[in-house]
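I opened the model to look up a few things.

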Amino acid sequence: MAFFKYGDKAVYYEEIGTGLPVVFLHGDTASSKMFGYIIPFYTDSFRVILVDFLGNGQSDRIGEFPPDLWYSQAQQVIAFLEYLDCGKVSLIGTSGGAWVAVNAALERPDLVHRVVADSFDGRTLPDDFSENLRKERAASKNNDFSRKFYEWCQGEDWETVVDLNTRALVECADSKLPLFHKPLGMLEVPILFVGSMEDTMCRRNLEEEYKQMEQLVPNGKTYMFPTGNHPAMLTNAERFADIVKDFLVSE
């Protein structure tokens with residue numbers, strides 16, 4: 001168990017394996033525990049680095065999440081990469097963590113080798129995002145599987161964490177805050193957009209959105225799984241790992 005200081009708060013991280021460094025960035029209401037069973041697919045090739053964003057998992061709690069959450073978390077990632085001091089690092093972000101990964105790479109391309117952005121809506125949030133999120137979170141609290149997942153990731157205060165996250169994301173969507181703080185076309189590092197055609201938690205035209213983003217960046221690729229739900233990196237775990245390995249080590 002290890003921590004690094006971000007301001008006056010402690011951020012939890014863990015390292016497994018050896019090789020090229022790859023940081024995994026978890027989604028909203030989750031923690032690095034979500035990657036537990038898929039890590040063996042990566043540790044034969046990479047130095048896998050897991051981190052819990054502030055307010056999640058084993059990191060210190062905060063009073064509220066800012067509406068600009070994914071940019072705020074990108075600032076945490078940048079500080080963490082500076083702390084690691086191991087050269088350029090690849091980022092694999094899933095769901096909310098995908099926005100974090102892209103923002104970190106836009107801000108500090110000198111710290112990032114490549115980005116994998118998995119199972120996220122892209123440049124904007126759907127118009128019905130807030131309404132659907134509130135409904136989804138309310139239903140999750142009454143679903144035994146979801147409740148156990150939240151508690152497994154967050155601990156006994158899971159409901160507070162979920163409520164704070166919901167509030168922040170609803171404010172982000174309702175205020176129409178920019179999801180990227182710089183134009184996507186400024187992204188200097190190679191990026192792979194990954195998703196599933198059956199993902200019910202992302203926009204319906206996800207492949208179209210990915211293809212449009214791919215055209216905006218200097219070095220982008222898209223891969224869509226025909227099956228599997230949210231996120232693709234878990235529901236298509238082994239094949240996802242193979243695709244990511246090829247992308248991260250390619251010239």
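**Entry 1: helix 2**

I started with helix 2 and found 11 of its 12 residues buried, so this helix is largely enclosed by the rest of the structure. I call a residue buried under 20% relative accessible area, exposed over 50% and partly exposed in between, using a 1.4 Å probe and protein chains only. Helices (H or I, at least four residues) and strands (E, at least two) are DSSP runs, numbered from the N terminus.

A note on the source: this is a predicted model, where local features need pLDDT of at least 70, side-chain atom pairs count only at pLDDT 80 or more, and totals for chains, interfaces and linings use all residues. Residues are numbered from 1 along each chain as its sequence is written, and side-chain values use heavy atoms, leaving out hydrogens and water.

Which residues of helix 2 are buried? I listed Gly 96, Gly 97, Ala 98, Trp 99, Val 100, Ala 101, Val 102, Asn 103, Ala 104, Ala 105 and Leu 106. Their cover includes strand 3, helix 1, strand 5, strand 6 and strand 7. Contact here means heavy atoms within 4.5 Å.

I also checked the span of helix 2, residues 96–107. From first C-alpha to last it reaches 17 Å, close to the 16 Å expected at 1.5 Å a residue. The expected span is 1.5 Å times one less than the number of residues.

An open sheet of 8 strands runs 1-2-4-3-5-6-7-8, with mixed pairing. Two strands pair if DSSP finds at least two bridges between them. Strand 1 (2–6) and strand 8 (220–225) are at the edges with a single partner strand each, so one side of each has no neighbour in the sheet. The twist averages 25° from one strand to the next.

How many bridges join strand 6 to strand 7? I found 4, and the two strands run parallel. Val 115 has Ile 191 in strand 7 as its bridge partner.

Helix 8 lies across strand 3, strand 4, strand 5, strand 6, strand 7 and strand 8. It runs at about 155° to strand 6. Axes are lines fitted to C-alpha atoms, for helices over the stretch in contact, and angles run from 0 to 180 degrees between N-to-C directions.

**Entry 2: salt bridges**

I then searched the whole structure and got 12 salt bridges. The criterion is a side-chain nitrogen of Lys or Arg within 4 Å of a carboxyl oxygen of Asp or Glu.

Lys 245 and Asp 44 meet at 3.1 Å, N to O. Lys 245 lies in helix 8 and Asp 44 in the loop between strand 3 and strand 4, so the pair ties together parts 201 residues apart in sequence.

Arg 61 and Asp 157 meet at 2.7 Å, N to O. Arg 61 sits in the loop between strand 4 and helix 1, and Asp 157 in the loop between helix 4 and helix 5, so this pair ties parts 96 residues apart in sequence. Arg 61 is partly exposed at 26%, and Asp 157 is partly exposed at 28%.

Glu 159 bridges to Lys 141, with the closest N and O atoms 3.6 Å apart. Glu 159 is in helix 5 and Lys 141 in helix 3, 18 residues apart. Glu 159 is partly exposed at 38%, while Lys 141 is buried at 18%.
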